Amino acid sequence: MRLLIVEDDPLIADGLIRAMRASGHAVDHTDSGVEADQALRQYPYDLVILDLGLPRMDGLDVLRRLRANRSGVPVLVLTARDSLDDRVAGLDAGADDYLAKPFDLPELEARVRALLRRQQPSLSGRMQLGELVIDVNGRSAYHGNRRIELSSREFGVLEVLARRAGRVVGKDQMLDALTGWDEEVGTNAIEVYVHRLRKKIEPAGVNIRTVRGLGYLLDKTGEDG
Ligand code: CA
């Protein structure tokens, strides 16, 4: 999943970035409301963690603009201002959840998981294709009961493909879903991950087909035709 963290307190931002990366997400961070507004128009995020007290453009304005553009991306609002009015204003502006500072990271992580689950119910637990079982929360894959050893990137590629099983996923789409701004990953790297992943999941009866010029498609073996 690709997340945008908008937070101008460097200590809090650092903690959030580490926690979300440790959960296996691609994370972009900005301390500016203006930059957040631009990024949200440009990139497909799965979730936004948004501080309200930001210089130049307030978090509430970022949120109002986002919803005015008819974006349904889930937004978890953070604020130091834990008054009822602020909470109501945040929810009215289109926040999906609300957490007052100071907060505990485990609580934030649980709320992020809940928002992502609500957004994509099919990803809540396990996905199965052929004999391949994908445990999304545990970020692991199994052939029957046997765990398939995957790197974090390989699992990311598998997740993106599985979410759109049977449909073609472009390399650029994969890059967008897998990487943040400060990570240098090219389409060549995607080819390498796909190559490795393909070998690992083939025994489970699942194939990654290359659709020349377009991208990749995840399918059960024997169903291509
Ligand atoms: Ca702030």
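**Close-up views of a predicted model**

**View 1. T30 sits in strand β2, which spans residues 26–30.** Strands here are DSSP runs of E with at least two residues, and helices are runs of H or I with at least four, each numbered from the N terminus. This is a predicted model, in which local features need pLDDT of at least 70 and side-chain atom pairs count only at pLDDT 80 or more, while totals for chains, interfaces and linings use all residues. Residues are numbered from 1 along each chain as its sequence is written, and side-chain values use heavy atoms, with hydrogens and water left out. T30 has a relative accessible area of 1%, so T30 is buried (under 20%; exposed is over 50% and partly exposed in between, with a 1.4 Å probe and protein chains only).

**View 2. The surroundings of T30 include E35 and W181.** Beyond its neighbours within four places in sequence, T30 is in contact (heavy atoms within 4.5 Å) with L4, I5, V6, E7, E35, A36 and W181.

**View 3. V27 also has its place in strand β2.** What is the relative accessibility of V27? The value is 1%, so V27 counts as buried. Look along to Y142, 115 residues away in the chain, and the C-alpha atoms of V27 and Y142 are separated by 26 Å.

**View 4. Residues of helix α6 meet residues of helix α7.** On the α6 side you will find R153, G156, V157, V160 and L161, and these meet M174, A177 and L178 in α7.
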